[in-house]
Amino acid sequence: MTKSDVLPAAVLKRKAVVYVRQSTQAQVQTNTESRRRQYELVDVARNWGFKDVEVIDDDLGKSASGTMARPGFERLVASLCAGEIGAVLCFDASRLARNGRDWHHLLELCGLVEARVIDMDGVYNPCRPNDRLLLGMKGSISEFELGVLRSRMMALSR
């Protein structure tokens with residue numbers, strides 16, 4: 001598969017969006033390496049051939065569990081629906097969503113507008129069944145991780 005098969009010219013003409021998020025204010029203050037690596041995805045987008053790259057970091061310090069409003073995620077969804085986005089870049093699936101509803105909604109929208117999802121493992125086309133399956137598994141693992149973390153926190157507080 002060639003680079004133009006993975007990212008056709010029509011996709012590269014649209015903007016790439018780097019979604020930066022950390023779950024808590026404590027993470028924002030102490031996990032600066034994680035945040036720095038997320039911002040480096042701007043260079044990844046440019047290396048793939050995107051000229052227009054936008055960073056959405058409105059949700060720093062906000063959980064993606066589905067219990068908190070995330071204006072950055074809402075802006076991302078709105079831009080996807082408008083057909084402005086060619087790719088969404090995230091360091092890993094858990095940066096985008098920790099609940100299946102948001103994750104699968106995002107994948108559905110990417111598929112409708114033929115936007116790609118790019119993470120550190122590769123470029124995924126949600127229109128392709130194998131890519132969609134892999135992305136679905138990544139989202140499920142992320143959601144499972146959140147459940148494990150909650151269980152551990154509950155056990156510690158007892």
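Arg 35 touches Val 20, Gln 22, Gln 27, Val 28 and Leu 60, leaving aside residues up to four places away in sequence. This is a predicted model, so a friendly reminder to read what follows as a description of that model. Arg 35 sits in helix H4, which covers residues 32-39. Because its relative accessible area is 18%, below the 20% cut-off, Arg 35 counts as buried. Its C-alpha atom is 7.7 Å from that of Arg 21, a residue 14 places away along the chain.

Now to the sheet. Five strands form an open sheet in the order E2-E1-E3-E4-E5, and their pairing is mixed. Strands E2 and E5 stand at the edges with a single partner strand each, so one side of each has no neighbour in the sheet. From one strand to the next, the twist averages 25°. E4 and E5 run antiparallel and are joined by three bridges; Ile 118 has Val 123 in E5 as its bridge partner. Helix H5 packs on this sheet, touching E1, E2, E3, E4 and E5, and its direction makes about 155° with that of E2.

Here are the elements in that packing, with their residue ranges:

| Element | Residues |
|---|---|
| Helix H5 | residues 41-48 |
| Strand E1 | residues 15-19 |
| Strand E2 | residues 53-56 |
| Strand E3 | residues 85-89 |
| Strand E4 | residues 116-119 |
| Strand E5 | residues 122-124 |

Finally, helix H8 (residues 100-113) has 14 residues and reaches 20 Å from its first C-alpha to its last, close to the expected 20 Å. Its buried residues include Trp 103, Leu 106, Leu 107 and Cys 110. Just after H8, Glu 114 adopts a positive phi of about 60°.

Conventions:
Residues numbered from 1 in each chain as written. Predicted model: local features only at pLDDT ≥ 70, side-chain atom pairs only at ≥ 80, totals over all residues. Heavy atoms only, no water. Helix = DSSP H or I, 4+ residues; strand = E, 2+ residues; numbered from the N terminus. Buried < 20%, exposed > 50% of the residue type's maximum accessible area, 1.4 Å probe, protein only. Contact = heavy atoms within 4.5 Å. Expected span 1.5 Å × (residues − 1). Pairing = 2+ DSSP bridges. Axes fitted to C-alpha atoms, helices over the stretch in contact; angles between N-to-C directions.
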